[in-house]
Amino acid sequence: CLRRWWFIAFMRLAWLVGLPFGASDPAVAFVPMKIAVLLSSAGAVAALTAWTYKFTGRVSTAAIAALMGVASPSLLAYSSTVMTEGPTLLLLTGTLICWEVAIRRDRATGSCTWAMLAGLLFGVAVSMREPALFLAAWPLVSCFSDRPRHRWKMLAAAIIGMGVSLGFAILMAWQWSGVDPLAAMRSYSEYMRGERAIYGAHSGANVGYVVSHLLLATPLSGVVLLGSCAWAILSLPLRLVRRTAASRCDTSAHTPRDITVPRRLMWLGLSTLPYVLMTWYNPNLIFNYRLLLPLAWVLVPIAAYLL
């Protein structure tokens, strides 16, 4: 319902870059756009690797995360055509990297700058794929779990950054299409009500779709997450208590204070609950498996760490 203005702008830029190479021909005008989407998907895998390493501090975990990202059938399928998934995952992972840098900065200026950059990237990601908004809980959860210095200033900077990029996209889409954003949202809401009337919101049946779509999005990650879910839930709290009591993380400016990597991963997983509930009650989940791709992407570091 936000008209994906940023995505259209990026695709137009790719087309303009391709003009000297024959993109003016309508028969091949889409080729530069496909290349841009493919490159953004490759960048998303690289960003996932970097974020996993920064989050866990383990080269082996980052390498496993890269393998899980490359082996995603959903990403490969949507990277072969002009779709929003690749650019959205790149922006989403870039957001997470910027936030990770922000919470490790000691000075308020550096923390807020990186937090605002995270917000700017996240606003662009939401304008491309609106469901990404349901992954916005992590910065707030991180402020309580990581307890970074200047956390409320960082959170305010991130919200401002998101408001700027998302607001700009809404304004430009309104000027470009002539459609009132509020009217578009009302139209989308009515459309979803119609979908629920046709398909229903079968929360019980959707559990199976969530599992199957998660496996389709990132099979290696999905197998690890689903196979070890019961074990992780039962054993992780006990391990966290022992590890937290035995040793605290370094309180330097380069590490989130007073929290271990498993505990941070646990909070990261819990922060995705709004997205899980959104997909769980979504009537389109029966045929729209790409809804699970952003969720599966964010959960990859957890699965990689469990291995």
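Which residues is Thr 88 in contact with, leaving aside its neighbours within four places in sequence? In this predicted model, the partners are Ala 125, Met 128 and Arg 129. Thr 88 sits in helix H5. The residue is buried, with a relative accessibility of 2%.

The overall fold comes next. The chain contains 15 helices and zero strands. Of its 307 residues, 46% are buried. The accessible surface is about 14,700 Å². Carbon and sulfur atoms account for 71% of that surface. Among contacts between residues at least 6 apart in sequence, 77% join residues at least 24 apart.

The mean pLDDT is 83. A value of 70 or more is reached by 81% of the residues. Confidence is highest in helix H5, at a mean of 95. It is lowest in helix H12, residues 229-246, at a mean of 59. Over residues 250-255, the pLDDT falls below 50. That stretch still has 13 contacts in the model beyond near neighbours in sequence.

Charged side chains were examined for pairing. Seven salt bridges were counted. One of them joins Arg 4 and Glu 130, with 3.7 Å from N to O. Arg 4 lies in the segment before helix H1 (5-18), and Glu 130 lies in the loop between helix H6 (108-128) and helix H7 (137-145), so the pair ties together parts that are 126 residues apart in sequence. Arg 4 is partly exposed, at 24% relative accessible area, whereas Glu 130 is buried, at 17%. The cut-off for buried is under 20%.

A second salt bridge forms between Arg 129 and Glu 85, at 3.6 Å from N to O. This pair also links distant parts of the chain. Arg 129 is in the loop between H6 and H7, and Glu 85 is in helix H5, residues 85-103. Arg 129 is buried, at 9% relative accessibility. Glu 85 is buried as well, at 4%. Arg 129 is also one of the residues in contact with Thr 88.

Arg 149 lies in the loop between H7 and helix H8 (151-177), while Asp 106 lies in the loop between H5 and H6, so the pair ties together parts that are 43 residues apart in sequence. Both partners are partly exposed. The relative accessible area is 30% for Arg 149 and 39% for Asp 106. Elsewhere, salt bridges with shared partners join Glu 100, Arg 104, Asp 146 and Arg 264 into one network.

Helix H1 was then checked for length. Its 14 residues should span 20 Å at 1.5 Å a residue, and the end C-alpha atoms are 20 Å apart, which agrees. The expected span uses one less than the number of residues. The buried residues of H1 are Trp 5, Trp 6, Phe 7, Met 11, Ala 14 and Gly 18.

The structure holds seven. In one, the ring centres of Trp 6 and Phe 10 are 5.9 Å apart and the planes meet at 35 degrees, so the pair is tilted. Both residues lie in helix H1, four residues apart, which is about one turn of the helix. Trp 6 is buried, at 18% relative accessibility. Phe 10 is partly exposed, at 35%. In another pair, the ring centres of Phe 144 and Trp 152 are 5.5 Å apart, with the planes at 70 degrees, so this pair is edge-to-face. The cut-off for edge-to-face is over 60 degrees. Phe 144 is exposed, with a relative accessible area of 54%, and Trp 152 is partly exposed, at 44%. Ring pairs also link Trp 5, Trp 6, Phe 10 and Phe 168 into a cluster.

A last pair of residues involves helix H6. Leu 117 is placed in that helix. Its relative accessible area is 35%, and the residue is partly exposed. Leu 117 and Gly 161 are 44 residues apart in sequence. In space, their C-alpha atoms are 6.5 Å apart.

Technical notes
Residues are numbered from 1 along each chain as its sequence is written. This is a predicted model: local features need pLDDT of at least 70, side-chain atom pairs count only at pLDDT 80 or more; totals for chains, interfaces and linings use all residues. Side-chain values use heavy atoms; hydrogens and water are left out. A salt bridge is a side-chain nitrogen of Lys or Arg within 4 Å of a carboxyl oxygen of Asp or Glu. Helices (H or I, at least four residues) and strands (E, at least two) are DSSP runs, numbered from the N terminus. Buried means under 20% relative accessible area, exposed over 50%, partly exposed in between (1.4 Å probe, protein chains only). Contact means heavy atoms within 4.5 Å. Accessible areas come from the Shrake-Rupley method with a 1.4 Å probe; for residues, only the protein chains shown count as cover. pLDDT is the predictor's confidence in each residue, from 0 to 100. Rings of Phe, Tyr and Trp (its six-membered ring) pair if their centres lie within 6.5 Å; planes under 30 degrees apart count as stacked, over 60 as edge-to-face and the rest as tilted.
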